[in-house]
Amino acid sequence: MTTQVSFSIDTPRGRRPLSVAYRRSGTGAPLLLLHGIGHHRQAWDPVVHILAAERDVIAVDLPGFGESPALPEAVPYGLSSVVPVLSAMCEALGVDRPHVAGNSLGGLIALELGHRKLARSVTALSPAGFWSQGERRYAFSALSAMRYGAKALPLPIIERLSRSAAGRAALTGTIYARPGRRSPEAVVSETLALRTATGFDETLAAGRDVFFTGEVSEVPVTVAWGDKDRLLLRRQGIRAKHTIPGARLVRLPGCGHVPMNDDPALVARVILDTSS
């Protein structure tokens, strides 16, 4: 069941209340799961039951995505704002330095949490921030096209497309290598999440000049990349390894940009190995 946790954050206009939606399950060391831009916490559903057998799993809707409300007015959607929000959320939940796994935008945030020593370990799946300017422009154009399609298509057409493997590929083939494995209900839900994400445009704008260059030391770090990632090409993983020499670089065969759906068992094993 999804729950909201409420807390306060500092803004240019003083302390403001904020809430974040999350789902918590399992027992063991805490593990925070962070999704990518335009997605929602349900991106992790294929692996949650595996992880929850060994970890206290907290799957989060980032501010302005899924069921989490937007950030307060005048608070930007960059790392400098989102990381303190997640730190305050963890404090409100009584969680101290969780293991963190993130995908895409969530992978970038996970690495930043590791850089600030707010994470026990970091697993970054196709993280943002290791692109060239040309690669970033390509990725942002693809994301914007997905957003346009999600907003333009009437719900009955989305539902009709979701009922066939070809339709699911048309809706989600940019991010999944095996879109036919995604259930029709999940495809409809995530398409609507992309349509209604209040934080999408500002998050995309905030990422135009983002390149991860921070040091992540004293914690285990794994960077994993799907070899069929069509959004952030896998050569960016080599740059991530050069930037974070101590990181383990893992190839995810047959996986796309959101690998949790393409090979749940493999992704779960990578996360559990990193957070052991």
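**View 1. Residues at the contact of α6 with α7.** R168, L171 and T172 of helix α6 meet P184, V187, E190 and T191 of helix α7, where contact means heavy atoms within 4.5 Å. These contact residues divide into 3 nonpolar, 2 polar and 2 charged; Ala, Val, Leu, Ile, Met, Phe, Trp, Tyr, Cys and Pro count as nonpolar, Asp, Glu, Lys and Arg as charged, and the others, including Gly, as polar. The model is predicted: local features need pLDDT of at least 70, side-chain atom pairs count only at pLDDT 80 or more, and totals for chains, interfaces and linings use all residues. Residues are numbered from 1 along each chain as its sequence is written, and side-chain values use heavy atoms, with hydrogens and water left out.

**View 2. Axes of α6 and α7.** The axes of α6 (residues 165-172) and α7 (residues 184-196) come within 11 Å and cross at roughly 25°; axes are lines fitted to C-alpha atoms over the stretch in contact, and angles run from 0 to 180 degrees between N-to-C directions. The crossing angle therefore makes α6 roughly parallel to α7, a term for angles under 35 degrees. The crossing of the two helices is left-handed, that is, the near helix is turned anticlockwise from the far one by less than a right angle.

**View 3. The chain around the helix pair.** The chain contains 11 helices and 8 strands, taken as DSSP runs (H or I, at least four residues, for helices; E, at least two, for strands). Its C-alpha trace spans about 45 × 40 × 40 Å along the principal axes. Buried residues (under 20% relative accessible area, 1.4 Å probe, protein chains only) make up 57% of the 276 residues.

Definitions and conventions
Angles under 35 degrees count as roughly parallel, over 145 as roughly antiparallel, 65 to 115 as roughly perpendicular and the rest as oblique. Buried means under 20% relative accessible area, exposed over 50%, partly exposed in between (1.4 Å probe, protein chains only).
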